[in-house]
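Please have the sequence and the 3D view open while you read this note. The points below can be checked one by one.

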Amino acid sequence: MQKSLKIYFAGDLFDGKDLGGNLLLAKAIEKSSCCRYQVMLPQDGECEVKERTSQSIRDADFQLLYNCDCVVANFDGHDLDSGTVVEFCFAKMLDMPAVLLRTDFRHSGDNTLPDGDPWNLMCSHFPRTEVLHINAMKLYHECRNSGSQTELLDDFYNSIAQKTVQKLDRVCAMQSWLKCDKLLQQFQMAIKSIGGTLPELLDEETLENLCRQKIASGLYSTDAE
C-alpha cells in the first residue's frame, strides 16, 4: 500500500473560526481521500514550540513545510494572508504540488483580467498548481436541506474536501520541473535563503533522509536533464 502524502495546510490561524474550520476541513480531506492524504496543520505544530518567539514559530512552520509533500493554501480574504503567500512561494521554489483554495465569494485582486484570479496576479500561474474557487455562501445554502446542523456542517466540509482531493490528485500527477538528482541542492539553497535556525533543524543528514523520502514518493522526475 502506498504511503499517504503529507499536505501542508497554509492559511489563517488567528481566531476560533480559522482554527475550527482548518481542523474540520483537514479531517474531511483525509476522509474523502481514504487517508491517501494526511493533512498537517501548522496550528498543531506551533503548540509544541517551546521557546515561543517569532523566529522559532516561523522556523517550525518552515520545518513542517519541508517535511510535507504537497500544499493546500487557503487564499480567502480581501487581502491574502502574507504568511500564507510566503509559504506558498517557498513551496513553489521546492516544486511542491499545490492547490490554491478560495471559498470567499468576494471579488478582489486582478479578477477583471481575462485570466485573472481574485487576488494579486503575482500569486497566479505557477507550475504544478491548481486553483479551486468555491462560493461558500452558495454551498452553505445548498447544504441547508441536509437535515440537522451537524449534517449540514458535514455536507459543507465534505463537499469542499472532495473537490480539493480531486485537485490534489491532478497536481500530484503533473510532471515536475525539479529532477531527483537536483533535489538536495535545491532544498539546501531554499534553506539558506530562509536562514534562522532552519539549517540546524534540517541538518545535512536529516535533509538527505528527507530527500530520499521525497524521491520515493514519486512526485519528482527521475529523468536527468
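**Notes on the model**

1. Start with Glu142, which lies in helix 5 (residues 136-143). Helices (H or I, at least four residues) and strands (E, at least two) are DSSP runs, numbered from the N terminus. Glu142 is partly exposed, with a relative accessible area of 48%. Here buried means under 20% relative accessible area, exposed means over 50%, and partly exposed is in between (1.4 Å probe, protein chains only). Glu142 and Leu152 are 10 residues apart in sequence, and their C-alpha atoms are 9.1 Å apart in space.

2. A word on the ground rules. This is a predicted model, in which local features need pLDDT of at least 70 and side-chain atom pairs count only at pLDDT 80 or more, while totals for chains, interfaces and linings use all residues. Residues are numbered from 1 along each chain as its sequence is written, and side-chain values use heavy atoms, with hydrogens and water left out.

3. Now look at strand 4. Why is strand 4 (residues 98-102) described as largely enclosed by the rest of the structure? Five of its five residues are buried, so the rest of the structure largely encloses strand 4. Both of its faces are covered. Ala98, Leu100 and Arg102 are buried on one side, and Val99 and Leu101 are buried on the other.

4. Strand 4 has partners. Two strands pair if DSSP finds at least two bridges between them. Strand 3 (residues 70-74) pairs with strand 4 in the parallel sense, over four bridges. Asn74 stands opposite Leu101 in strand 4. From strand 3 the chain runs through helix 4 (residues 82-93) to strand 4, and this β-α-β crossover is right-handed. Right-handed has a set sense: with the strands pointing away from the viewer, the path from the first strand over the helix to the second runs clockwise.

5. Strand 5 comes next. Strand 5 (residues 129-133) and strand 4 pair in the parallel sense over five bridges. Leu101 stands opposite Leu132 in strand 5.

6. Which residues are linked with Asp104 in a network of salt bridges? Arg102 and Arg106 are linked with Asp104 in this network. A salt bridge is a side-chain nitrogen of Lys or Arg within 4 Å of a carboxyl oxygen of Asp or Glu. The side chains of Arg102 and Asp104 meet at 3.9 Å, N to O. Those of Asp104 and Arg106 meet at 2.7 Å, N to O. Arg102 and Asp104 are both buried, whereas Arg106 is partly exposed, at 43% relative accessible area. Side chains of opposite charge can pair when their charged atoms come close. The structure holds eight salt bridges.

7. Stay with Asp104. It lies in the loop between strand 4 and strand 5. A polar atom of its side chain lies 3.0 Å from the backbone nitrogen of Gly77. That is a polar contact (a pair of N or O atoms within 3.5 Å; within protein, one must be able to donate a hydrogen and the other to accept it, and residues adjacent in sequence count only if both atoms are side-chain atoms).

8. Another salt bridge joins the side chains of Glu130 and Lys167 (3.0 Å, N to O). Glu130 lies in strand 5 and Lys167 in helix 6 (residues 149-172), so the pair ties together parts that are 37 residues apart in sequence. Glu130 counts as buried, at 9% relative accessibility.

9. Is Ser33 buried or exposed? Ser33 is buried, with a relative accessible area of 0%. Its place is in the loop between helix 1 (16-32) and strand 2 (37-40). A polar atom of its side chain lies 3.2 Å from the backbone oxygen of Glu30.

10. Check two backbone angles. Most residues other than glycine have a negative phi. Cys35 is not a glycine, yet it has a positive phi of about 65°. Cys35 is found in the loop between helix 1 and strand 2 and counts as exposed, at 53% relative accessibility. Arg128 also has a positive phi, near 50°. Arg128 is in the loop between strand 4 and strand 5 and counts as buried, at 4% relative accessibility.
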